[in-house]
Amino acid sequence: MSANLTATVADFLAYKRALGRKYLSEEATLNLLIGFAEEHAVTDLAELTPRLLDEFVASRPRERSRSFNHLIGVTGSFLDWAITQQRVDAVHWQGRRRHETDRRLPFLFDPAQARQLLNAAAALPDYSRGRGRSPTYHGIFALCYGLGLRVGEACSLRLEDIDADRQLLIVHGGKFGKSRFVPFGPRIGELLAGQLQRRHERGGTGPDPLFTFDGRHCVAPCGVSETFRHLTEELAFPVPAGTSAPRLHCLRHSFAVGCLLRWYREGLDPSTKLIQLSTFMGHVSPASTAVYLTITPELLSEASRRFEAFAKPVWSEEKP
């Protein structure tokens with residue numbers, strides 16, 4: 001039993017997207033597999049031998065373990081699906097992942113550092129093709145740090161996505177194609193109200209971008225990331241040993257860890273709140289959220305204090 005490789009890849013992608021997954025990078029990877037197979041005159045799944053698959057992986061040298069493991073994972077996931085769908089009897093291939101020993105901890109912004117970054121963004125001068133740079137970058141950084149938005153989600157916001165009456169952001173087409181409501185408080189509300197007013201003064205209407213330089217196109221995430229890099233280099237935040245240099249996505253990590261720390265300090269049970277944080281951040285499951293919860297000295301201190309309070313009655317009973 002076998003099936004055409006290109007057709008099976010198309011069916012696999014359609015299946016994943018029917019589940020709400022975007023599968024863009026995965027599509028690119030599988031297209032590389034199709035191209036490699038065609039170069040070796042292979043068109044059917046049954047002709048994908050373990051040796052050929054090993055040669056395919058070897059033809060895509062990737063220095064980063066995460067990138068290499070993504071290649072292995074996507075290929076293996078596709079083959080497993082093809083077997084369960086009876087497109088091929090079996091593929092006896094075991095792609096070996098690399099150990100991610102070079103992985104560093106994300107840089108976590110404390111409130112003072114976040115304030116420095118936001119103040120630096122608010123002081124950015126305008127360019128001839130970049131009017132309103134300061135409120136634009138200040139607003140995007142604030143949404144990433146204060147609400148845990150992905151930079152792409154913040155950049156893609158439209159004027160009609162702001163529900164000021166109910167204090168809600170409507171985030172469309174986040175990761176995996178998911179949309180969600182994100183509530184915000186008075187400080188973020190004030191920031192958004194100011195941005196809305198500036199956009200309305202320039203003739204912006206409902207479907208127009210919230211953050212834009214030309215009034216028609218959303219600010220590009222790559223440009224936001226580049227500005228973030230320049231600002232953090234100028235601010236020269238001290239980077240702890242074993243920690244990566246500040247990246248824009250670190251603002252989202254900082255939001256998640258900040259939530260966990262606040263729950264500890266408020267006496268709440270983080271385990272009962274994790275599903276809410278997962279939904280708030282647009283994750284598929286709490287397991288995805290847990291990746292963001294880097295253990296910090298502050299978290300360890302709060303957790304130790306919580307445990308001591310819990311165990312104190314037991315210790316008291318054991319004393320003679």
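Leaving aside neighbours within four places in sequence, F141 touches L117, L118, A121, V224, F228, L231, L248 and L251, where contact means heavy atoms within 4.5 Å. The model is predicted, with local features needing pLDDT of at least 70 and side-chain atom pairs counting only at pLDDT 80 or more, while totals for chains, interfaces and linings use all residues. Residues are numbered from 1 along each chain as its sequence is written, and side-chain values use heavy atoms, without hydrogens and water.

F141 also belongs, with L143 and L169, to the residues with the most contacts inside the largest nonpolar core, which has 50 residues. Such a core is a set of buried Ala, Val, Leu, Ile, Met, Phe, Trp, Tyr and Cys residues joined through side-chain atoms within 4.5 Å; buried means under 20% relative accessible area, exposed over 50% and partly exposed in between (1.4 Å probe, protein chains only).

Rings of Phe, Tyr and Trp (its six-membered ring) pair if their centres lie within 6.5 Å, and planes under 30 degrees apart count as stacked, over 60 as edge-to-face and the rest as tilted. By this rule there are 13 aromatic pairs. F107 and F109 have ring centres 5.0 Å apart and planes at 80 degrees, so they are edge-to-face. F107 is buried at 2% relative accessible area, and F109 is buried at 5%. F109 and F228 are edge-to-face too, because their planes stand at 65 degrees, with centres 6.0 Å apart. F228 is buried, at 1% relative accessibility. One aromatic cluster is formed by F107, F109, Y137, F141, F213, F228 and F237.
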